[in-house]
Amino acid sequence: QVQLVESGGGSAQAGGSLRLSCAVSGDTQSSRLMGWFRQAPGKEREGVAAIYSRGRDTFYADSVAGRFTTTQDGAKTKVYHQMNGPKPEDTAVYYCAADPAGTGRHIYSQECSDWGQGTQVTVSP
């Protein structure tokens, strides 16, 4: 089990930037694949990005590819989600989550064992 705490959310103008952070503590074996999800009111929770703690391989949803970048520090205590050029449709609560047995190039919410509390991101036009 790991504990995850997101920070860095807030309001931004379209075309600006935001960087979300996820502090990771606990059993790192439970965070083989670290993911970012978002959920807007009335919509399903959507996986937007993920990074493998081993190898730092990343993948992104088509809707954010080329604009958002996920990284992890060397100590594996922080995961970052850099949001460049956010759009109003990116407005959502963003969550970090840990998948202990992630494989492939997709992250699934039902396979994540631990979740952060979420941080609100609001993008105005």
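Four strands make up an open sheet in the order E1-E3-E8-E7, and their pairing is antiparallel. The edges of this sheet are formed by strand E1 (2-7) and strand E7 (68-72), each of which pairs on one side only. From one strand to the next, the twist averages 15°. All of this is read from a predicted model. As background, strands of a sheet pair through backbone hydrogen bonds, and they can do so in a parallel or an antiparallel way.

Strand E3 (residues 17-26) and strand E8 (residues 78-84) run antiparallel and are joined by seven bridges. Two positions show how the residues line up: serine 21 stands opposite tyrosine 80 in E8, and leucine 20 has histidine 81 in E8 as its bridge partner. E8 also pairs with E7, and here five bridges join the two antiparallel strands. In this second pairing, threonine 71 stands opposite tyrosine 80 in E8.

E7 and E8 form a hairpin, with five residues between them. Lysine 76 is in the turn of this hairpin, that is, in the loop between E7 and E8. The backbone of lysine 76 has a positive phi of about 60°, although this residue is not a glycine. With a relative accessible area of 34%, lysine 76 is partly exposed. Arginine 56 counts as partly exposed because its relative accessibility is 29%, which falls between the 20% limit for buried residues and the 50% limit for exposed ones.

Aromatic side chains give another view of the fold. Across the whole structure, a search finds three aromatic pairs. In one of them, the ring centres of phenylalanine 37 and tryptophan 115 are 4.9 Å apart and the planes meet at 50°, so this pair is tilted. The two residues come from distant parts of the chain: phenylalanine 37 is in strand E4 (residues 33-39) and tryptophan 115 is in strand E10 (residues 114-115), 78 residues apart. Phenylalanine 37 counts as buried, at 1% relative accessibility, whereas tryptophan 115 counts as partly exposed, at 27%.

Tryptophan 115 also pairs with tyrosine 95. The centres of these two rings are 6.3 Å apart and their planes are at 80°, so the pair is edge-to-face. Since tyrosine 95 lies in strand E9 (residues 92-99) and tryptophan 115 in strand E10, this pair ties together parts that are 20 residues apart in sequence. Tyrosine 95 has a relative accessible area of 15% and is buried, because this value is under 20%. Taken together, Phe37, Tyr95 and Trp115 form one aromatic cluster.

Between E9 and E10, the strands that carry tyrosine 95 and tryptophan 115, there is a loop in which glycine 104 is found. This glycine is partly exposed, with a relative accessible area of 45%. Glycine 104 is 14 residues from aspartate 90 in sequence, and their C-alpha atoms are 25 Å apart in space.

How values were computed. Residues are numbered from 1 along each chain as its sequence is written. This is a predicted model: local features need pLDDT of at least 70, side-chain atom pairs count only at pLDDT 80 or more; totals for chains, interfaces and linings use all residues. Side-chain values use heavy atoms; hydrogens and water are left out. Two strands pair if DSSP finds at least two bridges between them. Axes are lines fitted to C-alpha atoms, for helices over the stretch in contact, and angles run from 0 to 180 degrees between N-to-C directions. Rings of Phe, Tyr and Trp (its six-membered ring) pair if their centres lie within 6.5 Å; planes under 30 degrees apart count as stacked, over 60 as edge-to-face and the rest as tilted. Buried means under 20% relative accessible area, exposed over 50%, partly exposed in between (1.4 Å probe, protein chains only).
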